[in-house]
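The following note sets out points for a colleague who is examining this structure.

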Amino acid sequence: MEYPKTSKALRFSSIGGPLAVVEKEVPLLLAHELLVKVHAASINPCDIQLWRSGLVGVVAGDKGMGRHYSGTVVAVGSNVKGWKAGDEAFGLIFHPFGQGTFSEYINVNPTSDLITKKPGCFTHEQAASIPLVALTACSCLDWLPPPSASQRKVIVRGATGGTGTWVVQPAKVAYDCHVTAICSGKNADFVKSLGADEVIDYTRQDITSTLLSTRAATQPYDLLVDCVGGTDLTPPISPITKPQLLHPKWAYVTIVGDKTDVNTPGGPLTYLTNPRQIYRYLKGYLFGPRYACIALFKSSHLDQVVSLAERGEVKAVVQEVVEGAFDEREG
Ligand SMILES: NC(=O)c1ccc[n+]([C@@H]2O[C@H](COP(=O)([O-])OP(=O)(O)OC[C@H]3O[C@@H](n4cnc5c(N)ncnc54)[C@H](OP(=O)(O)O)[C@@H]3O)[C@@H](O)[C@H]2O)c1
């Protein structure tokens, strides 16, 4: 294939400002890069948060929308090993001030950007939906205690969301946990189909008292993964003021932090804006249960996800596919 001259991309140049389809020259391929033709890109809360964020907005110039992609390698730099033109690939690029994945072509550095071969069991749309949420979910499950005689018990709050669905499935099939999902009642059958053993409907039930009444008296929960945010279920400062749901040796992991506004960036950044989280982290480290506000950190988890999917043990759930997004915005 002839090296493309131009690429259309969805870009913005002010904080939360209008998105425009911009046509730019495709930069010459560097020796350590791949050029990927994007077939599908997904939208995640972090894309909206970065678009509306002063952190990104203060830097002059236009920035690309989207971090996740699935596509086909069309050109391979002279120093790149293990890739050839025609390979199907998916991954994540995090260049908040530069290129985004809502783009016809992207330049990917396979040593610093997340990329792996797309298995045939995923469509491009499914593959593009996976990297951030699945890797974040796997990082949460790293906080599980080691296996023991009794089955480990996990609570997933926000279990029907992008990240939550990727916590529920591996927790069940890869770690053999008992999974309690917190979501709205209308999604109860869906989350059970992913492997949840019990469902708590946050729109109708009191979460803390339901969890306390259903847990075995001798076995508190081992891990609570919070994909919603806020402090409703955070470990109490004192068990007298709030009952303790978790085993003192194990963990509460949030991917959001104490904030509840979905429009502002979450994850470990919130340690800076909510010093209580630092206190909670230290208290958990010293006395338990552990507390952590995390982000994805191991790219190797993507291979774990691919293996589970190839064995048919997990599935990628795509809410909606918007075709021809560029065409709609032209003119
Ligand atoms: N730290 C990181 O690296 C990282 C990575 C990914 C995402 N995040 C953050 O995590 C959050 C979730 O992201 P996502 O992509 O998983 O979101 P999402 O796909 O939008 O899902 C959110 C889910 O939360 C559920 N929900 C809403 N309020 C709830 C409540 N009070 N109790 C229980 N469930 C509730 C909804 O379920 P129902 O429809 O059933 O009500 C929805 O399915 C966002 O704030 C995002 O920025 C952080």
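**Notes on the predicted model**

1. By class, the shell around the ligand consists of 14 nonpolar, 13 polar and one charged residues. The structure under review is a predicted model, and the points below should be read accordingly.

2. The ligand is surrounded by 28 residues. The closest of these are Gly158, Gly161, Gly162, Thr163 and Gly267. Two or more shell residues are contributed by each of helix 1 (45–52), helix 4 (131–141), helix 5 (162–173) and strand 10 (178–183). In terms of domains, at least three residues of the shell come from domain 1 (6–129 + 316–329), and at least three from domain 2 (133–293).

3. The protein is divided into these two parts, domain 1 (6–129 + 316–329) and domain 2 (133–293). Their C-alpha centres are 31 Å apart. The contact between them involves seven residues of domain 1 and six residues of domain 2. On the domain 1 side that touches domain 2, three residues are nonpolar, three are polar and one is charged.

4. Two packed helices are described by the angle between their axes and the distance between the axes. For helix 4 and helix 5, the angle is about 50° and the axes are 8 Å apart. Helix 4 is therefore oblique to helix 5. The crossing of this pair, helix 4 and helix 5, is right-handed.

5. The residues behind that packing can be listed. Helix 4 supplies Val133, Ala134, Thr136, Ala137, Cys138, Cys140 and Leu141, which meet Gly162, Thr163, Trp166, Val167, Pro170 and Ala171 of helix 5. By class, this contact of helix 4 with helix 5 comprises ten nonpolar and three polar residues, with no charged residues. Gly162 and Thr163, which take part in this contact, are also among the residues closest to the ligand.

6. Helix 4 has a further partner in helix 10 (residues 301–310): the two axes come within 9 Å and cross at roughly 100°. Helix 4 and helix 10 are therefore roughly perpendicular to each other. Pro131, Ala134, Leu135 and Cys138 of helix 4 make the contact with His301, Leu302, Gln304 and Val305 of helix 10. The residues of the contact between helix 4 and helix 10 comprise six nonpolar and two polar, with no charged ones.

7. Two backbone features deserve attention when the model is checked. Most residues other than glycine have a negative phi, and most peptide bonds are trans. Gly288 and Pro289, however, are joined by a cis peptide bond with omega of about -10°. Pro289 lies in the loop between helix 9 (275–287) and strand 14 (290–293). Asp176, although not a glycine, has a positive phi of about 50°.

Conventions: Residues are numbered from 1 along each chain as its sequence is written. This is a predicted model: local features need pLDDT of at least 70, side-chain atom pairs count only at pLDDT 80 or more; totals for chains, interfaces and linings use all residues. A residue is near a molecule or strand if its C-beta atom, placed from the backbone, lies within 6 Å of it. Helices (H or I, at least four residues) and strands (E, at least two) are DSSP runs, numbered from the N terminus. Ala, Val, Leu, Ile, Met, Phe, Trp, Tyr, Cys and Pro count as nonpolar, Asp, Glu, Lys and Arg as charged, and the others, Gly among them, as polar. Domain bounds come from an automatic or database domain assignment. Axes are lines fitted to C-alpha atoms, for helices over the stretch in contact, and angles run from 0 to 180 degrees between N-to-C directions. Angles under 35 degrees count as roughly parallel, over 145 as roughly antiparallel, 65 to 115 as roughly perpendicular and the rest as oblique. A crossing is left-handed if the near helix is turned anticlockwise from the far one by less than a right angle, and right-handed if clockwise. Two residues are in contact if their C-beta atoms, placed from the backbone, lie within 7 Å.
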